Amino acid sequence: SQHRPLLQHLFFNKQRIPPHLRPRVWSSASGASARREEHGPDYYPAMVHMGEGHAAVASAMNGNGESSPTTAKSAVGRQVDLDLPRTFPGNARVELCLPALRRVLLAFAAHAPEVGYCQSMNFIAALLLVATVLADDGELHEEEDDESERRRRRESNGNDNSKANSSKRKPFPQPPRAPTPREEETAFWLLVALADDSSSSSISVPAGGGAANDKKKSTRGGGGVGGIGGSSSPASSSSAHPHLPLAGSILPPGMYGRDLKGCRVELGALARLLRPRQPRLAKHVFDALSCDASLLATEWFLCLFATSLPAETTARLWDSLFVEGNKVLHRAALALLKRHSKSLLAAGNAGSAMRAARDGAAGEHDAEGLLGTCFDGVGSLPMSRIEHARKEAGKEVEREVAGRAARRAAGVGGGGRG
């Protein structure tokens, strides 16, 4: 990867990801750049064309009254169009991204039909689009700012006229604008790297998407969405991972699959990881209140915290997610539950617990504090422990699926994904 030296510099010198380089670093660390190069420049426009064609197909039913492939393709387009106006409504930057967001989501569904489209992807893709726009605007701003500073020094001849000259600098962030085609395609490939667990590649890339070794310290990015900005400063980071073949997605398999089985496994794993760390909290919330992890953290996992945390904090968390993989989701969830354990323990019913978790996450404006808890306060969390929790949770989910299938066969209840 052309940005591998930058990644190594960030890892070894324990620095934050510069905001204006964030999408490029995300692309390099996740393998999105490698996939993009592998498929070539014509691939994304072709997927957009295919996705928009599917969306335009009229609904059709086969002779048995069952959904046909064309019906499913049309349903994707209808659901995407329903979800677009629900995506961060009132956010001027997102509103300008909506046409591009539609193309990205339809292209992804065409690229990965086994995954398709799931509600929550719209929030993730919207945040990716805003990040790419703000990164390019930030890079332009920094170049202009550097030139302004050099001009100021030449004109001042050593005199301190910085206050007078600083007023001439262009403000940042720049006014909202729509993504360029290049930025739009960057967002598409980042979404592929996150969610397309049906694809695989032998291209050698940095193993950010789920390395086996877990360090207690992690790369902590800087920035905020709306804007994703901020200054670079030293922060804890893990050592650079060896370059491993890319296979599948950053997110665990089946995260957006039928019945959301992958997400349910992650929620079950979270409950198992929480009990030994905070037994009093787990006993109160899970047992006494009958408020299981799905009520607290489904939105966290499906939306990758994009709709739960403040935008800046989400961007900082995604820096670690793209570089270090899906273990970060569990660290973040455990950190939130720990940081807001007092209000959760005070909850008298499941509804109050859900509000406490929701309000606690929404108030996490101290991104550095949350990340400190994620990587220093949660304690050791090796991938082997997460995988063991997933294995046990997977068995329980399989039993639930089998039970649901039996009830469906008997004509009682059903299931699906949103």
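Visitor: Is Cys-374 buried or exposed?

Guide: Cys-374 is buried, with a relative accessible area of 0%. Bear in mind that this is a predicted model, so each value here is computed from predicted atoms.

Visitor: Which residues does Ala-335 touch, leaving out those up to four places away in sequence?

Guide: Cys-374 is one of them, and the others are Leu-370, Thr-373 and Val-378. Ala-335 sits in helix H14, which covers residues 327-339. Its relative accessible area is 0%, so Ala-335 counts as buried.

Visitor: How many helices and strands does the chain have, and what share of its residues is buried?

Guide: The protein chain has 18 helices and two strands. Of its 418 residues, 52% count as buried. Take the contacts in the chain with a separation of 6 or more: residues 24 or more positions apart account for 80% of them.

Visitor: Which residues touch the most other members of the largest nonpolar core?

Guide: That core has 97 residues, and those touching the most other members are Leu-128, Tyr-256, Trp-300, Phe-301, Phe-305 and Trp-318.

Visitor: How do I read the cysteines? How many disulfides does the structure hold?

Guide: A disulfide is a covalent bond between the sulfur atoms of two cysteines. This structure holds zero disulfides. Take Cys-118 as a case: the closest cysteine sulfur is in Cys-263, at 8.4 Å, which is too far for a bond. The cut-off for a disulfide is a sulfur pair within 2.5 Å. Cys-118 is also buried, at 2% relative accessibility.

Visitor: What should the 20 residues of helix H6 span?

Guide: The test is to compare an expected length with the distance between the end C-alpha atoms. H6 covers residues 92-111, and at 1.5 Å a residue it should span 28 Å. Its end C-alpha atoms are 29 Å apart, which agrees.

Visitor: Where does H6 bend?

Guide: H6 bends by about 55° at Leu-98, and a proline, Pro-99, follows within four residues. At the start of H6, Asn-91 has a side-chain oxygen within 3.0 Å of the backbone nitrogen of Arg-93.

Visitor: Which backbone oxygens does the side chain of Ser-249 reach?

Guide: The side chain of Ser-249 reaches the backbone oxygen of Leu-251 at 2.8 Å and that of Leu-194 at 3.4 Å. Ser-249 lies in the loop between strand E2 (243-247) and helix H10 (261-277). Its relative accessibility is 13%, so Ser-249 counts as buried. Apart from neighbours within four places in sequence, Ser-249 is in contact with Arg-35, Val-192, Ala-193, Leu-194, Ala-195, Asp-196 and Asp-197.

Visitor: What is the phi of Ser-290?

Guide: Most residues other than glycine have a negative phi. Ser-290 has a positive phi, near 55°. Ser-290 is in the loop between helix H11 (279-288) and helix H12 (293-302).

Visitor: What is the phi of Phe-305, and where is Phe-305 found?

Guide: Phe-305 has a positive phi of about 70°, although it is not a glycine. Phe-305 is found in the loop between H12 and helix H13 (311-324).

Visitor: Which of these two, Ser-290 or Phe-305, is buried and which is exposed?

Guide: Ser-290 is exposed, with a relative accessible area of 56%, whereas Phe-305 counts as buried at 0% relative accessibility. Phe-305 is also among the residues that touch the most other members of the largest nonpolar core.

Notes:
Residues are numbered from 1 along each chain as its sequence is written. Side-chain values use heavy atoms; hydrogens and water are left out. The expected span of a helix is 1.5 Å times one less than its number of residues. The bend at a residue is the angle between axes fitted to the seven residues ending there and the seven starting there. A polar contact is a pair of N or O atoms within 3.5 Å; within protein, one must be able to donate a hydrogen and the other to accept it, and residues adjacent in sequence count only if both atoms are side-chain atoms. Buried means under 20% relative accessible area, exposed over 50%, partly exposed in between (1.4 Å probe, protein chains only). A nonpolar core is a set of buried Ala, Val, Leu, Ile, Met, Phe, Trp, Tyr and Cys residues joined through side-chain atoms within 4.5 Å. Contact means heavy atoms within 4.5 Å.
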